[in-house]
Amino acid sequence: MSVALNSGCADTKVIPILKERGQREVFCGLTGIIWLHRKIQDAFFLVVGSRTCAHLIQSAAGVMIFAEPRFATAIIDERDLAGLSDANDELDRVVQRLIERRPDIKLLFLVGSCPSEVIKLDLSRAAQRLSKQFNPSVRVLNYSGSGIETTFTQGEDACLAALVPVLPAFASSAAPSLLVVGTLADVVEDQWTRLFTQMGINDVAFFPPRRSTALPSVGPNTRYLLAQPFLTDTARALEERGAQRLPAPFPLGVEGTTEWLRAAANLFGVSDVKFDEVTMPKRERALRALQHQRPQLEGKRIFFFPDSQLEIPIARFLARELGMRLTEVGTPFLHKQHLAEELALLPDGIQISEGQHVENQLDRCRAAKPDIVVCGLGLANPLEAEGMTTKWAIELVFTPIQGYDQAADLAELFARPLNRRLRLVA
Ligand code: SF4
């Protein structure tokens, strides 16, 4: 399969894409709870799952032991489902106790999982029932974090897509407004808010917001910019509410951030002079910071296993701004419209693969002998044991990497394991 990128009738770039289907090595969507609960500070995530789900969440969020957590697992097993009504009653009791104990919670997500016992429970009906019961002090929504046929960043997509229908509606006469979509570190949001303000763009909201009581409005006048490349269902839900996507590369690295900001500036009629006046000092500083990382990365060969769905924008950044050589860029799913601007920027002749057949891809990885491999935790240790240098894809979601001020930090995520390997070999 291939994708044709039409940038004018004379200039069509065709990128071959290897479609794969087989055994996969990925985390499930429950993982998203870790960064989502940090972002939405009055939300609680109640996983309805098995002991395995509870262990995953506990070990992924192990650092939270000193704070009162805003996530938990209601463990369901086959016995609970001997009578489904009992399981629903038990869930209601758990939620009642939780809400009594935690008056700070304003938004509760019931998060479904993949064990067969849980699939039998109708969590959307449970969420409606509980929302009615606790209205107006607590809103209850549901989404699935199941690991069946999904990858770990889809948990955020499912969560945000569940929130879209409850966003307030804009008056149809409202002036165009900008919505930045995707969970970002507060520090990144604050930097962008300052840049937008300096450009004279004031009507900007972020989704998800820091508090569920400040949900942004949406309507036909909303133009949205995706800050993360894995929000397919969220984008579809926003478009059903009338919002329109602003096409742009993703805000990773200096180039991606500039073109992403430029899409917003064009919408609001910001002049090129003003745009450069606001962004140039930041661009120049970020480029200088990248020059420090470049000697460690330039010419190094990198191989991506499909995991976070950030692979294509990151590969574009590493190739174009740091001179790395892309051997294979694997991605679990490839959304051709959302990634069109990214694909157009990739160097010619690279191998992109979509989906996973882990054995085949391991063979190709070994044959390519890359300097560094980006992959999930399950593959990293075996590959390190084979002498390869690896980077955990999940770090790309846990670390603030978007925007000018974080461009060098993003480069350092790749330089660090290469340096460590050099020191071990020396
Ligand atoms: S949702 Fe499924 S894949 Fe994820 S921890 Fe629970 S059982 Fe495992």
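Strand E3 (residues 43-49) pairs with E4 in the parallel sense over five bridges, where pairing requires that DSSP finds at least two bridges between two strands. Leu46 stands opposite Ala72 in E4. Keep in mind that this is a predicted model: local features need pLDDT of at least 70, side-chain atom pairs count only at pLDDT 80 or more, and totals for chains, interfaces and linings use all residues. Residues are numbered from 1 along each chain as its sequence is written.

**The sheet**
- The open sheet has four strands in the order E4-E3-E5-E6, with parallel pairing; strands (E, at least two residues) and helices (H or I, at least four) are DSSP runs, numbered from the N terminus.
- E4 (71-75) and E6 (139-144) are the edge strands with a single partner strand each, so one side of each has no neighbour in the sheet.
- On average, neighbouring strands are turned by 25 degrees against each other, direction ignored.

**A helix on the sheet**
- Helix H5 (residues 123-134) lies across E3, E5 (107-112) and E6, running at about 170 degrees to E6; angles run from 0 to 180 degrees between N-to-C directions, and axes are lines fitted to C-alpha atoms, for helices over the stretch in contact.

**Two helices side by side**
- Helices H10 (residues 272-297) and H16 (residues 407-425) pack at an angle of about 15 degrees, with axes 9 Å apart.
- H10 and H16 are therefore roughly parallel to each other (angles under 35 degrees count as roughly parallel, over 145 as roughly antiparallel, 65 to 115 as roughly perpendicular and the rest as oblique).

Definitions and conventions: Contact = placed C-beta atoms within 7 Å.
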